[in-house]
Amino acid sequence: MSTVENFNKREIDRRLAEGFPFTHRWHNRFHLEMPFGLINDPNGMTYHNGAYHIFYQWNPFGCAHKNKSWAHTKTRDFCTYQIPQLALWPTDEHDKDGCYSGCGTEEDGHLRVLYTCNAKDEEGNRSSVQRFGTYTKAAGAVKKEEIIIDGPPAGFTAHFRDPYLFDWRGVRHLVIGAQTEDKRGCVLVYREAPIRWECLGELRTQLKDFGYMWECPNLLSFGDYDVLVFCPQGVEARAYDRQNVYQAGYIAGHASMDAMEMLMHGRFKELDHGFDFYAPQIVTHEGRHILIGWMGMPDREEEYPTREEGWMHSLTLPRVLTLRQGHIFSEPVRELKALRHRETERALEAEGESEFSTTLYDLTEMILDLTMGEAYSVSVELVFGLEKLVFRYDRLTQVMTIDRTGMKLGGRGKRVFKLYAEQTLSLRMYVDHGAVEVFFQHGEEAATIAIFPEKNIRPMLRVFSDVDMQQISGVLWELESFHYESI
């Protein structure tokens, strides 16, 4: 159980300020993370007063999933950030066992958040209520205000969390992750009314027996189409998808608040095929749907050796989502180009070769286009001395394999997914000290991977193919670290 007295904001903020900039070789330099404690779900993402505000779950007191509070930072350009501060933490009988995930909104010129209060009684029975609060710059914290939903409706368990606000025909609604009493995951919809928020019921889908809990829902509009993003738990792995312990993905179709159904939607598709991606949240501003995810995975703490150093996990790079023929494409926000050291720009070129190698920078962005010609098997490796992370593409089966069995520390294993590349295999890759993010085929698929190289050395890029490729081309940049500013 959380202890209110532990949350000394002034002391915690002081320790945070002293922790930047990072010096440990495993600390990422252009991914948001903390100098101590465990972070997970991004929350409360809002554009307010000329800046993007990013909250995220955080345990300031260790690397266990408890003491759930919210940290806060903001940025105007996704390159320079305010040094994070503690912004929301357990204080009363409603949230004494954790300030769980939620969302943010701008209301009457104020930055407001909506979050799940978690509390347990002496028998361990959970209560989950949904509460608004207002973030104030002067306090650097959220003032807790009205409870709008005092528990799940009849027929649903207390696994009832992660509200996400959206406008529908000029009226505020929210979706929230839920579980039926017969242990089936789903999403509930509420509508704002003059006196109280009304439960409209379950947003029905064509997915049957699709996990025992749906977390972190987001409902987005892309023109005439709607996309329900959510994280199902308890879905069985398949040969080419759903290979993590928990998934993060979406269905695209047409949401009807009258029929309470996602109509004519496609199959569930994952947003990311890597090992370390969960609980994404999306903020919409000036026509862009910008996603940030948690670079981590629940119930896999043993795969992250930084916990021995006192911190765990990062947030992903911000990604812009677009929808094409029912499929979400994702690409890093354009603002990240400002991190490039222009004087280090280096062309990658080779013709008629089956092998290619070059040394990368400590912090690297790379665009790589492999025109395969007669080659049918292509491998792209990140090599750290005797360790390596491998991306292997089989053109005949149209299968991409991500293999980190060649790394000594952290999680191992493989991830396998379908990827169509007729003539050219295209990768856009970001390599940080402990994180690799790859965007395949101009954002058609993505993969997030946490790595922990044993040696503190610059990685090498190596490319292999079964026969000579027609052409290897691309460009390489050294990246700057994020800049952190005091308030």
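Here are a few exercises on ring contacts in this predicted model.

**Exercise 1.** Work out how the rings of Phe30 and Tyr430 pair, and which parts of the chain they tie together.

*Solution.* Start with the big picture: a search of the whole structure turns up 25 aromatic pairs. Now take Phe30 and Tyr430: the ring centres are 6.3 Å apart and the planes sit at 55°. Planes under 30 degrees apart would count as stacked and over 60 as edge-to-face, so this pair is tilted. Phe30 is in the loop between helix H1 (9-18) and strand S1 (37-48), while Tyr430 belongs to strand S32 (residues 424-431), so the contact ties together parts 400 residues apart in sequence.

**Exercise 2.** Decide whether Phe30 and Tyr430 are buried or exposed, then classify the pair of Tyr430 and Phe439.

*Solution.* The cut-off for buried is under 20% relative accessible area. Phe30 comes in at 1%, so call Phe30 buried. Tyr430 is also at 1%, so Tyr430 is buried. Then go on to Tyr430 and Phe439: their ring centres lie 6.4 Å apart with planes at 85°, so this one is edge-to-face.

**Exercise 3.** Find which residues the ring pairs link into a cluster with Phe20.

*Solution.* Follow the ring pairs from Phe20 and you pick up Phe22, Tyr81, Phe482 and Tyr484.

**Exercise 4.** Say which rings Arg15 and Arg324 lie over.

*Solution.* Take Arg15: its charged end sits over the ring of Phe36, 3.9 Å from the centre. For Arg324, look at Phe329: Arg324 lies over the ring face, 4.0 Å from the ring centre.

Methods
Residues numbered from 1 in each chain as written. Predicted model: local features only at pLDDT ≥ 70, side-chain atom pairs only at ≥ 80, totals over all residues. Heavy atoms only, no water. Phe/Tyr/Trp six-rings, centres within 6.5 Å; stacked < 30°, edge-to-face > 60°. Helix = DSSP H or I, 4+ residues; strand = E, 2+ residues; numbered from the N terminus. Buried < 20%, exposed > 50% of the residue type's maximum accessible area, 1.4 Å probe, protein only. Lys NZ or Arg CZ within 6 Å of the ring centre and 35° of its normal.
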